[in-house]
Amino acid sequence: MELYELAVKRAGAPNLAEFQRREGLPPTGRLDGAAWAALLPWLTGYRSYRVAPGDNYSRIAARFGTTVRALITANPNQDPLRLYVNQLLTVPLGFDVVPTDLPFTYELLTLCLEGLAARYPFLTIRNIGESAYGRKLPQIAVGLGPRRVLYNASHHANEWITTPLLLKFLEAYARAVSENGKLFGFSAQALYQRATLHLVPMVNPDGVDLVTGGLGEGDPGWTEARRLAENYPDIPFPEGWKANLRGVDLNLNYPARWEQAREIKFAQGYSRPGPRDYVGSAPLSEPESEAMVRLTELTEPGLTLSYHTQGNVIYWKFGNLEPAGARELGERFAAVSGYTLEDVPFASGFAGYKDWFILTRDRPGYTVEVGAGENPLPLSQFNEIYTRNLGILTLGLAEG
Ligand SMILES: [Zn+2]
């Protein structure tokens with residue numbers, strides 16, 4: 001399924017031409033500018049609406065298939081009892097913004113964040129840097145509490161299923177906050193007052209776009225990746241791609257015994273830029289890993305979760321370092337998810353984000369490896385992955 005097909009489906013139309021006809025556009029079945037403009041609200045999940053005579057929140061909600069509560073949340077500075085004609089309102093539409101049935105490109109990430117920011121204005125979204133090919137790296141902050149936690153996903157390109165995992169959690173959390181509801185049994189408002197959550201849902205957008213089709217053949221990044229992949233002809237292209245588009249494995253690029261990682265990976269044959277396992281020319285040689293370090297220094301989280309997809313385990317140590325409380329919390333994560341709490345194998349135990357965080361902060365940091373099978377994991381695993389991780393993601397806010 002493509003982006004426009006998702007929008008057509010959400011709009012309840014059988015095909016693009018019929019969608020265009022319903023929108024009063026020429027039913028050409030072609031994706032021109034007017035068609036995209038009409039499709040956009042069905043991707044972002046909101047539209048701007050000018051109040052008409054006789055409108056009130058109940059009538060507007062009924063007309064757009066949403067709720068009065070959602071309207072109040074999306075328009076925090078408007079008084080529902082003092083609407084005036086032509087006043088501009090943000091109207092959330094009656095479906096979840098974050099889709100779980102199509103590959104996550106950077107464009108889709110951007111659309112989701114635009115939509116979530118409009119529907120939940122208490123989310124703060126900013127960029128923490130730029131990728132090697134100039135994609136902005138978004139970070140979302142949510143919560144008012146003094147405890148800080150940082151969750152990140154998609155360091156590795158072909159592990160992009162972790163991006164919708166964090167976004168889906170963000171959407172569920174934001175809705176629960178706005179509805180005074182619960183999240184995995186916890187009061188969302190209590191979590192919101194306790195902790196500030198920092199999310200980096202796609203650390204490696206260039207690499208993700210290579211794997212998910214966001215980059216076309218002939219795009220400069222695609223061409224460069226194709227060239228670097230020739231160093232490693234046995235690795236499938238682009239599905240085997242984990243690195244950024246300069247061929248550096250971002251989760252081997254942190255200053256946590258990086259030289260040791262280099263020695264191990266060179267001995268395994270990963271001595272040149274390529275799809276995976278190349279550590280880079282120096283620690284933090286890449287803008288994506290550098291941005292993560294700067295964000296960590298800025299926010300000084302008490303807990304970090306780094307999402308990956310290799311085998312239903314949780315890694316919690318760096319060498320022999322065991323931050324205080326890390327084992328106990330890790331055991332609770334294991335209990336709510338069914339994942340196993342394990343020590344990292346020696347050969348992959350260095351220069352990762354979690355390694356750097358534990359080494360330099362001595363605070364609990366985890367790598368959560370969701371799912372099983374060949375990367376990229378199929379979206380058919382998504383619901384199970386989400387269910388297993390909802391407890392971890394919520395406990396992180398409650399206990400981190
Ligand atoms: Zn990974």
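The model is a predicted one: local features need pLDDT of at least 70, side-chain atom pairs count only at pLDDT 80 or more, and totals for chains, interfaces and linings use all residues. Residues are numbered from 1 along each chain as its sequence is written.

I begin with the whole chain. The protein chain holds 16 helices and 12 strands; these are DSSP runs numbered from the N terminus, with at least four residues (H or I) for a helix and at least two (E) for a strand. Its C-alpha atoms fill a box of roughly 70 × 50 × 35 Å along the principal axes.

Of the 400 residues, 48% count as buried. Here, buried means that 20 or more other C-beta atoms lie within 10 Å of a residue's own, exposed means 12 or fewer, and partly exposed lies in between, with C-beta atoms placed from the backbone.

In soluble globular proteins, nonpolar side chains tend to be buried together.

What covers its buried residues includes helix H7 (106-119), strand E4 (136-142), helix H8 (162-178) and helix H11 (220-229). Just after H10, Gly213 takes a positive phi of about 90 degrees.

Strand E9, residues 303-308, is also mostly covered, with 6 of its 6 residues buried. Leu303, Leu305 and Tyr307 lie on one side, and Thr304, Ser306 and His308 on the other. E9 pairs in the parallel sense with strand E5 (residues 147-153) over 5 bridges, and likewise in the parallel sense with strand E12 (residues 365-369) over 5 bridges. Pairing requires that DSSP find at least two bridges between two strands. Thr304 stands opposite Leu150 and opposite Gly365 in E12.

Helix H16, residues 382-399, has end C-alpha atoms 25 Å apart, which agrees with the 26 Å that its 18 residues should span. The expected span is 1.5 Å times one less than the number of residues. H16 bends by about 35 degrees at Asn389, the bend being the angle between axes fitted to the seven residues ending there and the seven starting there.

Finally, some backbone details. Most residues other than glycine have a negative phi, and most peptide bonds are trans. The peptide bond from Phe237 to Pro238 is cis, with omega near 0 degrees, and Pro238 is in the loop between H11 and helix H12 (258-267). Another cis peptide bond joins Asn375 and Pro376, with omega about -10 degrees. Asn180 is not a glycine, yet has a positive phi of about 55 degrees; Asn180 is exposed.

Note on methods. Two residues are in contact if their C-beta atoms, placed from the backbone, lie within 7 Å.
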